[in-house]
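Subject: Structure for your files

Hello,

Here is the structure we talked about.

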Amino acid sequence: MAATQQQLQNAENMFNSICNMLNSINFRYDTGRRDEDFVITCTVNGDDIPMKMFIIVRPEREIVSLLSPMPFNTPEDKRVEMAMAVNVANYGIIDGSFDYDISDGEIRFRMTASYIESLLGQELFKYMLFVSANTVDRYNDRFMMLAKGNMTLDQFIQADRQ
């Protein structure tokens with residue numbers, strides 16, 4: 001379904017508001033800005049693994065999504081364990097969730113906000129960025145260690161309880 005002119009205008013307003021928020025916190029994203037399809041790509045440095053973030057405004061669905069893929073795919077022999085680990089992680093997350101594709105072992109974090117018949121402010125976009133970065137930073141190294149066999153599922157669960 002193609003977006004209406006009003007949906008495109010609303011998406012442009014959301015996109016500009018996100019860019020203004022990023023500018024207000026001196027966040028670098030210029031090389032990852034694609035105005036024509038309302039996508040911002042940036043990297044956030046955490047405690048260990050750099051986190052790639054995609055902020056996408058979807059005019060036809062009237063949502064803003066923040067996606068952060070893990071920089072690895074889970075090997076086939078670890079995919080069932082990883083499915084359980086992702087479930088453990090998601091159980092305690094207040095906002096957003098990890099998506100896991102067991103067919104190829106891809107994990108990504110996703111947070112979405114709808115702007116249907118509403119206006120979203122810069123504080124919400126800042127919240128989305130900071131909470132997503134914090135959540136991904138909390139789990140990305142543990143997911144990677146589990147995928148590489150450097151951590152067991154039981155150790156993952158224990159670390160999550162701390």
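Strand β2 (residues 39–44) is mostly covered, with five of its six residues buried. Buried means under 20% relative accessible area, exposed over 50%, and partly exposed in between, with a 1.4 Å probe and protein chains only. Helices (H or I, at least four residues) and strands (E, at least two) are DSSP runs, numbered from the N terminus.

This is a predicted model, in which local features need pLDDT of at least 70 and side-chain atom pairs count only at pLDDT 80 or more, while totals for chains, interfaces and linings use all residues. Residues are numbered from 1 along each chain as its sequence is written, and side-chain values use heavy atoms, with hydrogens and water left out.

Two strands pair if DSSP finds at least two bridges between them. On one side, β2 pairs with strand β1 (residues 33–34) in the antiparallel sense over two bridges; R34 has V39 of β2 as its bridge partner. Four residues lie between the strands of this hairpin, and F38 takes a positive phi near 55° there.

β2 also runs antiparallel to strand β3 (residues 51–58), joined to it by six bridges. T41 stands opposite F54 in β3, and the hairpin from β2 to β3 goes through six residues.

Beyond its neighbours within four places in sequence, A11 is in contact (heavy atoms within 4.5 Å) with F38, V57, P59 and Y115. The C-alpha atoms of A11 and V57 are 6.1 Å apart, with the two residues 46 apart along the chain. A11 is buried, at a relative accessible area of 0%.

Regards
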